Structures are given as C-alpha cells and as structure tokens.
Amino acid sequence: MANAINTLNQTNFAEEIATAEKPVVVDFWAEWCGPCKMLAPILDEVAGENSDKITVAKVNVDENPDLARQFDIMSIPTLIVFKDGQPAHRFQGASGKAGLLQNLGDFL
C-alpha cells in the first residue's frame with residue numbers, strides 16, 4: 001500500500017494542495033525521527049483504507065526546510081489536514097491507529 005501515499009516537495013506542494021478534490025493529510029517527517037517511523041505503517045494503512053475520502057502525503061522536512069518553515073513545523077511528526085487548499089486541522093506526535101482516526105474523524 002506504499003503507493004497510497006504521495007511524496008510532496010517544494011516544487012509540487014502548492015499545486016497538489018490547491019488542486020486536491022478531497023482533504024489532504026500531510027505528514028511532515030524526517031528519516032532520523034523514531035516516532036515518524038512508528039507512524040509510517042499506520043498512516044499507510046489509513047491511507048489505503050480511506051483513499052476514497054482523503055489523500056495522504058509526506059513532506060521530508062530535511063529535504064524541504066522551506067516548507068517546514070512555511071508551516072511552522074517545530075516538532076515531528078506533525079500532520080496538517082488541508083481542505084480546499086487551506087490548513088484545516090493540525091496535530092503532532094505518533095498516536096496509534098485509533099488516535100490517528102480520531103484526529104481525522106471530521107474528514108473521513
């Protein structure tokens with residue numbers, strides 16, 4: 001299910017968010033981040049199960065520091081849900097699947 005998650009970067013971020021027909025959950029993460037690694041398979045599962053309702057994408061903050069600054073990412077993982085091209089909900093930390101689904105409840 002790894003293909004259920006899009007990779008965004010400085011080049012494609014604005015267009016992908018602006019043209020999305022459904023809410024986009026963006027995971028701001030880094031390779032060295034332990035909690036990010038714990039969240040990855042859960043996020044992948046949720047993305048696959050809910051692909052009709054949401055799009056899930058990842059932004060590597062080490063490779064895209066300008067995006068991290070633009071959205072005031074101070075700790076990772078930080079997830080921001082974009083709806084109609086605008087941030088609609090933001091949460092941090094690696095919760096289990098139940099916690100992730102609860103945070104995404106308004107969009108599922």
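User: What makes up the secondary structure of the protein, and how are helices and strands defined?
Analyst: The protein has four helices and five strands. Both are DSSP runs numbered from the N terminus, a helix being H or I over at least four residues and a strand being E over at least two. In sequence order the pattern reads β-α-β-α-β-α-β-β-α. The model is predicted, so local features require pLDDT of at least 70 and side-chain atom pairs pLDDT 80 or more, whereas totals for chains, interfaces and linings use all residues. Residues are numbered from 1 along each chain as its sequence is written, and side-chain values use heavy atoms, with hydrogens and water left out.

User: How do you know that the radius of gyration agrees with a compact globule?
Analyst: The radius, taken over C-alpha atoms, is set against a rule of 2.2 Å times the number of residues to the power 0.38. For 108 residues a compact globule would be near 13 Å, and the protein has 12 Å, which agrees. The C-alpha trace spans about 30 × 30 × 25 Å along its principal axes.

User: Why is the pair of Phe13 and Phe71 called tilted?
Analyst: Rings of Phe, Tyr and Trp (its six-membered ring) pair if their centres lie within 6.5 Å; planes under 30 degrees apart count as stacked, over 60 as edge-to-face, and the rest as tilted. By this rule there are four aromatic pairs. The centres of Phe13 and Phe71 are 5.4 Å apart and their planes form 50°, so the pair is tilted. Phe13 belongs to helix H1 (residues 13–19), while Phe71 is in the loop between helix H3 (65–70) and strand S4 (78–83), 58 residues apart.

User: What makes the pair of Phe13 and Phe82 edge-to-face?
Analyst: The angle between the planes is 80° and the centres are 5.6 Å apart, which places the pair in the edge-to-face class. Phe13 lies in helix H1 and Phe82 in strand S4, so the pair ties together parts 69 residues apart in sequence. Phe13 and Phe82 are both buried (under 20% relative accessible area, with exposed over 50% and partly exposed in between, 1.4 Å probe, protein chains only). Ring pairs join Phe13, Phe28, Phe71 and Phe82 into a cluster.

User: What makes a set of residues a nonpolar core, and which residues touch the most other members of the largest one?
Analyst: A nonpolar core is a set of buried Ala, Val, Leu, Ile, Met, Phe, Trp, Tyr and Cys residues joined through side-chain atoms within 4.5 Å. The largest has 20 residues, of which Phe13, Val26, Phe28, Phe71 and Ile73 touch the most other members. Strand S2 (24–29) is among the elements giving two or more residues to this core, and S2 supplies the largest share, four residues. A second, separate core of 14 residues includes Leu39, Ala47, Ile54 and Val81.

User: How do you know that the charged end of Lys58 sits over the ring of Trp29?
Analyst: The rule requires NZ of Lys or CZ of Arg within 6 Å of the ring centre and within 35 degrees of the ring normal. The charged end of Lys58 is 5.2 Å from the centre of the Trp29 ring and sits over that ring.

User: Why is Asp106 described as exposed?
Analyst: Its relative accessibility is 75%, and Asp106 therefore counts as exposed. Asp106 is located in the segment after helix H4 (97–103).
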